[in-house]
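Have a look at the model below, then read on.

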Amino acid sequence: SIYLNGIVLISSVLDFHTMSFQPGNDLPYIAYLPTYAAAAWYHGKIEPKPDDLDGFLREVRAFAENEYATALLKGSSLSDAERADIVKRLAHYTGLSEDYIAQTNLRINASRFMKQLLRDKARVIGRYDARIIGQDYDSAGESPDADPAFYTIDGAFVAAINDYLTRVLKVNMDRRYKVLDGEPSHQWKWLDKPGPGTYVNVAADLGQAMRQNTDLRVFAANGLFDLATPFFATELTMANNAIPAERVTLKYFDAGHMMYTHGPSRIALARDVRAFIKAGATKAGG
């Protein structure tokens, strides 16, 4: 066995309960809400627009894990007055209309949110980065044709890797470089003992590793506008799998899933990771 003293996670998902929008699993609706709010704030859909994004997101987190979580748990036993209040607050925090919120049964799917937030402008927002805007074939659909946050940058990735391989490393290769390929994941052995209604959760394994190795620390980088692996989902995961909180460092960036594509965030991420590694090396040396 090799004992590690540090793990760096960038835009991670360890527990798929937090992002699997399926009937009977209400956790994703709670986990995604603060990111919906961040996207609505960025696109000017929150009125009046708060000056302090961090403070606004703290407010949304508190609502998500208290009143909203309770409302989803109560389901059809929710009173009309309670439902009306939740609808009103969800509409405020997401920038969506109260009628639309009511039609979703208080449960907003991320793909629908991408399409709905700027529907009045015939635009969609990105999944990897909700700040990015795209345009679909039409505006009537329920989900985007594609992710504008991906198709605006994938060409740059392809050019960069091919330039690095051929000009710098002098590697001759005929194989096509795929920026994002779902084929390997279809062959992945997700579970040792799969069963109906089972979600992958490796956060419990991380918790066990940290309890057995008291030097092991975790650094988790999160993009505030990431609709692929939302930051509040990471917070909930770290809080609910017997993970020692005092050895977890959470950092946030004004960017999306790939925060390193945003100049200031890339600089901040590099600085924070270096500090995390240095702290571990200093402790080990001491």
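What volume does the second largest cavity have? It comes to about 40 Å³. A cavity here is a set of points, on a 1 Å grid over the protein atoms alone, where a 1.4 Å probe fits but cannot get out, and lining residues have an atom within 4 Å of a point. Grid points are joined across faces, edges and corners, and a volume is the space filled by probe spheres set on the points.

Before going on, keep in mind that this is a predicted model, where local features need pLDDT of at least 70, side-chain atom pairs count only at pLDDT 80 or more, and totals for chains, interfaces and linings use all residues. Residues are numbered from 1 along each chain as its sequence is written, and side-chain values use heavy atoms, with hydrogens and water left out.

Around that second largest cavity you'll find K115, R119, A122, R123, V124, D136, D138 and S139. By class, its lining has 5 charged, 2 nonpolar and 1 polar residues (Ala, Val, Leu, Ile, Met, Phe, Trp, Tyr, Cys and Pro count as nonpolar, Asp, Glu, Lys and Arg as charged, and the others, Gly among them, as polar).

In total, the structure holds 2 cavities of 30 Å³ or more. The largest has a volume of about 60 Å³, and its lining includes S12, V13, L14, T229, P230 and M238. That lining splits into 6 nonpolar and 5 polar residues, with no charged ones.

Conventions:
1 Å grid on protein atoms, 1.4 Å probe; cavity = no way out; pocket = protein on both sides within 12 Å on 5 of 7 lines; lining within 4 Å.
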